[in-house]
Structure formats: C-alpha cells, structure tokens
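Please keep the sequence and the 3D view at hand while reading.

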Amino acid sequence: MKTLPGADIVIIGGGWTGLLMAKDLGKRTSLKIVVLERGGMRRTEDYASDMDELDYFIRLRMMQNTSRETVTLRHNPGERALPIRQLACFLPGEGIGGAGEHWTAQCPRYQPDCLQLYSKTVERYGEKRLPENHSFQDWGVTYDDLEPYYTRAEQLLSVSGKVGNLRGQKIEGGNIFSGWYSAEYPNPPLKTPYFPALFGEATKSLGYHPYHDPAAMNSVPSTNPDGVSRAACLYCGFCTRYGCMVGAKAQPTNTLLPLVEQISRVTIRTHATVRRIVHDKTGYDKAGNDKAASGAKARGVTYLDANGEEFFQPADLVILGSWTMNNNRLLMLSGIGEPYDPATGKGTLGRNLTHQVIFPGAVGFFEKSLNRFMGGGAVGTRISDFDGDVFEHSNLPFLRGGTFAASAYGAQPISGFGRVPPSVKARWGAEWKKAAVASYDRSDAINFSGEHVPYKTNFYDLDPTYKDYAGDPLLRLTIDWNDNERKTAEFMTAKAVEIARAMGAKEINPFPSYDHYDVRRYQSTHVQGGTIMAATPDRGVVNPYLQHWQMPNLFVLGGSTFPNQGAANPTPTILAFTYRTADAIVDRHLKKLGMLA
Ligand SMILES: Cc1cc2nc3c(=O)[nH]c(=O)nc-3n(C[C@H](O)[C@H](O)[C@H](O)COP(=O)(O)OP(=O)(O)OC[C@H]3O[C@@H](n4cnc5c(N)ncnc54)[C@H](O)[C@@H]3O)c2cc1C
C-alpha cells in the first residue's frame, strides 16, 4: 500500500455534507484538505443534453452501483438477511454531489420537538404511552440552538417559499405549525400548478392550512450569500432522479463545487473508495493531549482507486460524510466504537435505524386533465395540520404524525403511467390499457410523509455472509414496521381520502395499509440513525457537535447522527448540523484539540 503525503483534514464523501465542510473549512482556515469520493466528477453541463427517462429514472443512472456494493436486509434477527440487488425503496447517490444531485429539493425544517422526542412525549402523555420496544431519546441540541444554522442552510440553497412563523408571528400562506424562523426564505414561492391548487382549495375548505412547499429550487434567478448565482426553474419535469440542466435546483455541484474548486488547498480525488479509517487505540485523550496513554486517535484513511490500487492518506482530522449507511459501515469495518447488541441493549454503533414513513394516502381520479407533465421536485402545496404533536394524541392509538402534499413532480411517460381507478377490474389487456391511458393525466396522489420513531429492534450491523467487490462485509439492515406506523397509516389514509373527495375526485384508490417493511416500493432516501448523537457517550456514537465520543479528531456528518426521523425531509437539518459542526471545529476544536463540551 502506498502512503501519500499527509493532509490536515481528510473528508470522506463528496456530497452535500462533504462539500459543504470542504467549502467552509477551506475558506475559513489555511489547512490542506483532501476530499475522497468513490464516484466520478459531475457538473451542470453534464445534464444539459441527455435527459432520458429510461436511463435516469428507471435504470437509475445516478445511483450507487449495487453490483459492486449494496446492503442486506431482514425484518428481524431470526431471519437471514438477503442482499438488495436492485435499488427501489431508497436510492443512494454516487459521484460528486452524492444524492444531492438527483434529490427532490423539498426543504422543510424538523418540528422543534423532534429534537426532544423523549422528554416532550413523556411530558405530554407520560412514559406509559411510549411504544413497545421504543428507543426514544433527546438529541442534546434544541431547535433554538439549531435555528441560526437552519437559516444559513436556507440561504445557501436559496430556498423559495413563504415562512409561516416569523419570530413567533403566524403568517397565513406559510406553515403556521412550524418552529420559529429568524428570517423569511430568500426567494418567493414557486408557481402553483393545477393539482396542488385544487389541493390548496380543498384543504382550506376543510379548515386546514395549506402552504407552498419550501423548495431548494429558484422561483426567480438569484444569488446566494456565497455569491453563487443560479437560474430560475423552467418546470420542465425532469427533476427528481436527475441533475438540473439549468442549475435551478440547488445541488452540491452548482452551489458548492465552484467555490471548493477555487481553493487551491482543497484537493478532490474522485474514484477513491474509502475502506478503513486508520486509528490508534492510544495517543489522543479527551483533553486533546497527543501521545497520551489512553484515548484514541484517527490517523487517516485507506482507499482504493479506480484500478483497485490501495493508498494510505494520512490526516490529522477525519470527517466522515458518506451518507447514513456508508457512515455506519465504515465505522464498523474500521472497528471504531462498540457495536449495538439488540439482545443486551449494550453498544451504541448501529442503534436507532429509522426510515421516513411515506406513502400515497389516496390516489384521486379526476374529470379534468391535471397537466402532470410539467413541474419539478418540490413544486407543490402541503398541510401540516397533522404533523408531529400539532394535534392531540390522547385518544389516538399512535404517537406523532406527518404532512400531506399534492406535488407536481412532472409525471413522465414510463414512470408516470399505469394507474387505473378501482372501478376498472382488468389488471392487464386492452381494457386496462385504455383506462391507464385515460387516467395518465387525470389522476394523482395525495402523499403522506411521516415520522419514524426509533425502536430497539431496528438497527444496523455487518452482514456475516455477503461481501462487496473488495471482499469487505456488507452492511445489514434489520427493520420492520410496528403498530405505531400501521395505526398512523390507517388514520392518515382516511384523512387523505377525505381530502381527495373534497378535491372532487370521481374515484379514489386509498393506500392499502402497512404490512411488513417492503424493499420493492420507493419509500424515500431518508434513512437515518446508527451513529446517533447524544449528550452522553452511553447513548450515542457522537456528541451534539457530531464529534466521535471515543475519538476527538473524528467527526461524523449527516442523517446517520439523527436519533429519530422527523416527518420533514432531512437535508436542511443535515446541512444546519454541518454548519454547526464547522463552527465548532474552526472556533474551538482547532484552537484546543480535545472533546468539545
Ligand atoms: C431521489 C431522492 C430524493 C431526495 N429528495 C430530498 C428532498 O426533497 N429533501 C431532502 O431534504 N432530502 C432529499 N433527499 C435526501 C438528500 O439527498 C440527502 O439527505 C443528502 O444528499 C445527504 O447528504 P450526505 O452528504 O449525507 O450524502 P450524499 O449527498 O449522498 O453524499 C455522500 C457521498 O459519499 C460518497 N461515498 C459513500 N461511500 C464512500 C466511500 N466509502 N468512500 C468515498 N466516498 C463515499 C457517495 O458516493 C456520495 O457521493 C433525496 C434523496 C434522493 C435519493
């Protein structure tokens, strides 16, 4: 193995978190930084000429290559896990930009009490209401701590929308159930196409409070505080699962990469797959004393290049930003931290696997055309009247909740085709085809996005059987739905049907119900946990500054650090925490090495 010249900082992963950290630390310090990304380079120009639904949407051109590396999955420890050979329920990215290139760009914040799930739930409903086998805990950070960083993330992304709670003042047309915001979104809301408009009128007539989905997509051309200018959205419909051809959707390649590339001390190395974080069991104690007899210190990483040659990249500080599953796997493969054992409850690494609860609550079939071919990922109208603990749960058989949205993603000929109303009994042949053609532009879903609370029984570990292309064990997911999710789905499906009726749907297909966790249906790529944050080392892998509890010169970024999954999509929260960690590194850690208190 070849040893390379040392760096001050090595960052694993070139997606949202990795490039944001490279930009921030690169601008604010004079340190030498190396970013290692397993995939290739990407740029906005790459998307300009070849938008092809078959290639991108169906064959998942931008996603992780499962023939080289995948994960295995089982519902409980009694089953043998099997490898996911074809991605479906989540779509991890690969290449510069990561999943942030092909994301949908919906940009809500978490409900404030998500960050204090245990204490707020017990305060309101008592310990007895917590679900069986729950693993609720607080994050060690409050919404008020995070608020300034949320604002910075929204400015970075030039979010379009209307705030509904500006420093405590409730504003009609925004989300009045959100936590407080210190600033309005940088851009006005996107346009409202016909289907989201119908949803807005119907939910208002039912007494709910519709608002524009906040979007990391430009409603107007704009420039962010870093001086990065991006064009306005064309509503072309090629958005989720694609990179934006005009740069209207905020992606790491159009908001961060141009800035990172201007910093000569930052090197981005593509096709560099990190295999291990190299560390010493002694040498760096909690007070930051080097060469101490106890403590642990990261020394750098090993990685394989495109030819399979292995390198050692020494570094003084290691930052892991390789998305939830890879963060877990790399710590496990590197032997850093104590793996979680569900039988004894001991160990923290791998705990609290959660996956946002998303389903089409009701598909409505309408008389008029909906113009579904136009739109963009985050173009839509949403209500939060059933989010989190916004509504009373005392007499309900479940805790927490979520939001409903009517979105105009841009329905395409292959992926947007194939719905038929319940009155059509044929499942194939001429009758089915006729109904599917008629329904293509006259049907759409009212989607529900909900919280996933943590359980002791949902966790990550290394698979004892299956290995990747390089011979390393795959990550194993043990996950299933529990009664809380099933009862939530029943309740929320009834609400979605009520809304579809109020929208004038002639026929409605309700969501059938949750059975077991299903890998065949796209759920969302909002899979969290495993390297969770906690105020004390017995409850988490990292502290609330995302610093590894056992290794002061190792930081872990991203959704893997979330103890539970809110109903909202996670990236604004992920970026807010990344900014907070960058501040902690620059302002405190680099001045006095050791654990951040
Ligand atoms: C289809 C889709 C829609 C989404 N929509 C939304 C949305 O609307 N709103 C929202 O908030 N979020 C959304 N997300 C989620 C969002 O993309 C992620 O939260 C975000 O990208 C996470 O940032 P990250 O840096 O943790 O991971 P990523 O952006 O995925 O970056 C991780 C990078 O690490 C690299 N990597 C992994 N392993 C290694 C290794 N061993 N060595 C070197 N490099 C490695 C990967 O190749 C990748 O480039 C969506 C995701 C998908 C896939």
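Leaving aside its neighbours within four places in sequence, with which residues is Pro537 in contact? Pro537 is in contact with Thr348 and Trp549, where contact means heavy atoms within 4.5 Å. The model is predicted: local features need pLDDT of at least 70 and side-chain atom pairs count only at pLDDT 80 or more, while totals for chains, interfaces and linings use all residues. Residues are numbered from 1 along each chain as its sequence is written, and side-chain values use heavy atoms, with hydrogens and water left out.

- Pro537 is found in the loop between β23 (527-530) and β24 (554-556); strands are DSSP runs of E with at least two residues, and helices are runs of H or I with at least four, both numbered from the N terminus.
- The relative accessible area of Pro537 is 35%, so this residue is partly exposed (buried means under 20%, exposed over 50%, and partly exposed in between, with a 1.4 Å probe and protein chains only).
- Between the C-alpha atoms of Pro537 and Glu53 there are 46 Å, and the two residues are 484 residues apart along the chain.

**Nonpolar cores**
- A nonpolar core is a set of buried Ala, Val, Leu, Ile, Met, Phe, Trp, Tyr and Cys residues joined through side-chain atoms within 4.5 Å.
- The largest such core has 140 residues, of which Leu157, Ile277, Ile319 and Phe404 touch the most other members.
- Helix α11 (residues 571-589) gives the most to this core, namely 9 residues.
- Not counting residues up to four places away in sequence, Leu157 touches Trp16, Trp103, Cys107, Ala216, Arg230, Ala250 and Leu575.
- A second, separate core consists of 10 residues, including Met51, Phe57, Met62 and Leu87.

**Cysteines**
- A disulfide is a covalent bond between the sulfur atoms of two cysteines.
- A disulfide is counted here as a pair of cysteine sulfur atoms within 2.5 Å, and the count comes to 0 disulfides.
- Cys114 is in no disulfide, and the nearest cysteine sulfur, that of Cys107, is 16 Å away.
- Cys114 has a relative accessibility of 1% and therefore counts as buried.
- Cys233 is also in no disulfide; its nearest cysteine sulfur belongs to Cys239, 6.4 Å away.
- Cys233 has a relative accessibility of 15%, so Cys233 counts as buried.
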